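Subject: Structure for your review

Dear colleague,

Please find below the structure that I am handing over to you.

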Amino acid sequence: MRSNWGDQGSALREGSQGAEQDGAIDLELSTSRAWVEIDAAQLRENLRLLQARLSPDTEIWAVVKANAYGHGAHLVAPVAVAAGVKGLCVATLAEGIELRQMGLQAPILVLGALNTWAELQQAMAARLEVSLTRAEQIPLMRQVARWAGRPVPVHVNVDTGMTRLGIPWSEAAAVWGQICRIPELAGCSLFSHLATADEPHSPAMEQQHARFAQVVEQIRQAGDPLPPLHLDNSAGALARLHYSRVRLGLVLYGLSPAPHLPVPGLQPILRLKARLTHIQTVPAQTGVSYGHRYITSRPSRIATLAIGYADGIPRRLSGWLRGWVRGGLIQQVGTITMDQCMWDVTERPDIQVGDVVELLGPKLANMGLSVQDWADQAGTIAYELLCGLSARLPRVLVNGEAASTNIVY
């Protein structure tokens, strides 16, 4: 296929040579509209920076649930494992199975509750590790272990104050002691989850730390073996570290979980890009997009970008959004529609159909246009916006180990 996309299109085509893999989409087609780029080199650098802040013997488990927070678990997980993370955390059974089907051999912990025979059977078949979220799961786990002919690998989730999943903290030591005496169960770790770790000086966080420490002490006093312990998420690990394992999510992807928890050098690994597909010159007093909430005040050059709220661009950002193209910023105008949005490029005669506009990335983050700035403007959190990036946006891995290789899912 030939193209008139100019230098950027040529670079993408050159990067695609020899890069197709099973399930991969042709790179030129995948970047003909809108897509997400994941920078493997920056992911490795973020991991290096984070490991340097932790004790040398602290294990990092990468949280790749929800499609790696919208980044593409199929791209992120292999890079993270190759860079030294000791395990992966997912939310659902299906997420874990998908990673196993890729050939990943690292431990994979399913954080969500698995309560049925079919779920546990599939988890065992895929050699996933499961969370014990209530004591009532134990009899079923024992049955599945006998079916599988080996113990179920169990991580005990302790509810210290999140009030979501887990064994009540006052009962957790006794439950752990029970597991230690059941041959069909292999106790892998004891963990909890912090509810307010991103808040400075949080009494609730201190209470959760104290409760978890009390569970650990009760286990010691009972003489039961202590498993690996993990309490800290991204914010907890940056605020203060207590145990030998941490579960890192948001910081892995280059975003600070709170303004008071910066990591110098940390950069987003995600770039959101789309192509301009149409440009027209219209007279003054021309309405643009649904509702004509934007009307041109002068003869204007209006460009259409092939991305919209079905791709995860919040409609609430209409009229606020800005993007980077050909070395400068442009302004989005009118209501963001399902598949497209419009931009005023009157002052930019250099811009042409086929040009790529970057909407999220390190450059924009440094200009006050990060995903956190989007979230503030939309009245939500960065996590929601990242997870909301549509599955119809191809994820493209760039700066992998082979510099000339781009991988697309």
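A residue is called buried when its relative accessible area is under 20%. Please note that the model is a predicted one.

Cys 180, with a relative accessible area of 32%, is partly exposed. How many disulfides does a search of the whole structure find? The search finds zero. Cys 89 takes part in none, and the nearest cysteine sulfur, that of Cys 188, lies 12 Å away. For Cys 180, the closest cysteine sulfur is also in Cys 188, at 11 Å, which is too far for a bond. A disulfide would need the two sulfur atoms to be within 2.5 Å.

Next, helix 6 spans residues 93-101, and its buried residues are Leu 93, Glu 95, Gly 96, Ile 97, Leu 99 and Arg 100. Among the elements that cover these buried residues are helix 5 (73-82), strand 3 (87-90) and helix 7 (117-125). After helix 6 comes Gly 103, with a positive phi near 100°.

Finally, the axes of helix 9 (residues 169-180) and helix 10 (residues 203-222) come within 9 Å and cross at roughly 30°. Helix 9 is therefore roughly parallel to helix 10. Their crossing is right-handed. In helix 9, Trp 169, Ala 172, Ala 173 and Trp 176 make contact with Arg 211, Gln 214, Val 215, Gln 218 and Ile 219 of helix 10. Sorted by class, this contact has six nonpolar, two polar and one charged residues.

Yours sincerely

Key: Residues are numbered from 1 along each chain as its sequence is written. This is a predicted model: local features need pLDDT of at least 70, side-chain atom pairs count only at pLDDT 80 or more; totals for chains, interfaces and linings use all residues. Side-chain values use heavy atoms; hydrogens and water are left out. Buried means under 20% relative accessible area, exposed over 50%, partly exposed in between (1.4 Å probe, protein chains only). Helices (H or I, at least four residues) and strands (E, at least two) are DSSP runs, numbered from the N terminus. Contact means heavy atoms within 4.5 Å. Axes are lines fitted to C-alpha atoms, for helices over the stretch in contact, and angles run from 0 to 180 degrees between N-to-C directions. Angles under 35 degrees count as roughly parallel, over 145 as roughly antiparallel, 65 to 115 as roughly perpendicular and the rest as oblique. A crossing is left-handed if the near helix is turned anticlockwise from the far one by less than a right angle, and right-handed if clockwise. Ala, Val, Leu, Ile, Met, Phe, Trp, Tyr, Cys and Pro count as nonpolar, Asp, Glu, Lys and Arg as charged, and the others, Gly among them, as polar.
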